[in-house]
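Please open the structure in your viewer and keep the sequence at hand.

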Amino acid sequence: NHPLETLIKDKKFREDLYYRINSFQLFIPPLRDRREDISFLIDHFIMKISRQIGKRVLSINEEALKIIGQYDWPGNIRELENVINASVHLADNEVIGVNDLPDYLITHINDPYIEKSLKDIIEETEKQIIERTLKKCLNDKNQAAKLLKIGSSTLYEKIKKYNIH
């Protein structure tokens with residue numbers, strides 16, 4: 001997994017051999033950059049693996065497909081094939097569902113903090129706490145401010161900031 005050009009410069013790869021194997025170069029973008037191919041690949045892998053193991057699995061449901069579509073696939077097509085292989089083996093019926101997917105996929109997608117900044121996470125949490133406290137205090141803002149151990153004016157500013165009704 002090293003660029004051959006660099007290895008040639010460093011005298012770690014034979015230049016003549018490089019020209020024998022480098023008749024043409026083919027660039028295949030990573031799977032995360034061509035998500036439109038995922039459903040076609042899934043169908044192919046389901047048919048291939050089902051045939052190999054003699055199990056009747058025909059498709060994947062929409063919810064499982066959505067989870068697969070949101071994943072970044074650092075292992076590219078090989079990782080996708082491994083996921084479908086495991087899912088076909090785990091499937092209880094003819095359609096792969098969310099429960100048939102490997103746990104790491106589901107955990108990754110269900111993480112609410114993926115791709116959120118710390119500031120966004122803190123503000124979202126603060127808003128939720130203020131809303132819960134106001135509900136608990138039957139919308140009595142002075143009592144809520146006391147429970148939150150902040151001044152009433154600070155609470156009013158945050159209510160306005162987060163558009164809490």
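**First selection: Ser87**

Begin by selecting Ser87, which has a relative accessible area of 0% and is therefore buried. The model that contains this residue is a predicted one. Ser87 belongs to helix 5, which covers residues 76-90. Which residues are in contact with Ser87, once its neighbours within four places in sequence are left aside? They are Ile96, Asp100, Leu101 and Pro102. Display these four side chains together with Ser87 to view the surroundings of this buried serine.

**The whole chain**

Next, select the entire protein and switch to a cartoon display. Nine helices and two strands can be identified. Read from the N terminus, the order of these elements is α-α-α-β-α-α-β-α-α-α-α. The protein is more spread out than a compact globule, because its radius of gyration is 26 Å, whereas the globule rule gives 15 Å for 165 residues.

Now show the surface. The accessible surface amounts to about 12,100 Å², and carbon and sulfur atoms account for 52% of it. Of the 165 residues, 28% are buried. Among contacts with a separation of 6 or more, 59% are between residues 24 or more positions apart.

Colour the charged side chains as well. There are 26 positive and 26 negative side chains. The centres of these two sets lie 5 Å apart.

**The aromatic pairs**

Return to side chains and consider the rings. How many aromatic pairs does a search of the whole structure find? It finds three. For one of them, select Tyr71 and Trp73, an edge-to-face pair with 4.7 Å from centre to centre and 85° between the planes. Both of these residues are buried.

Tyr104, at 38%, counts as partly exposed.

**Two residues with positive phi**

Remain at Trp73 and turn to its backbone. The phi angle of Trp73 is near 55°, a positive value in a residue other than glycine. Trp73 is located in the loop between helix 4 and helix 5. With a relative accessible area of 0%, Trp73 is buried.

For the last stop, select Lys11. Its phi is near 60°, which is again a positive value in a residue other than glycine. Lys11 is placed in the loop between helix 1 (4-9) and helix 2 (15-21). Is Lys11 buried or exposed? Its relative accessible area is 75%, so Lys11 is exposed. Display Lys11 and Trp73 together to conclude the tour: Lys11 is exposed, whereas Trp73 is buried.

How values were computed
Residues numbered from 1 in each chain as written. Predicted model: local features only at pLDDT ≥ 70, side-chain atom pairs only at ≥ 80, totals over all residues. Heavy atoms only, no water. Helix = DSSP H or I, 4+ residues; strand = E, 2+ residues; numbered from the N terminus. Rg over C-alpha atoms; globule rule 2.2 N^0.38 Å. Buried < 20%, exposed > 50% of the residue type's maximum accessible area, 1.4 Å probe, protein only. Contact = heavy atoms within 4.5 Å. Areas by Shrake-Rupley, 256 points an atom, 1.4 Å probe, with all protein chains shown as cover. Lys, Arg positive; Asp, Glu negative; His and termini not counted. Charge placed at Lys NZ, Arg CZ, Asp CG, Glu CD. Phe/Tyr/Trp six-rings, centres within 6.5 Å; stacked < 30°, edge-to-face > 60°.
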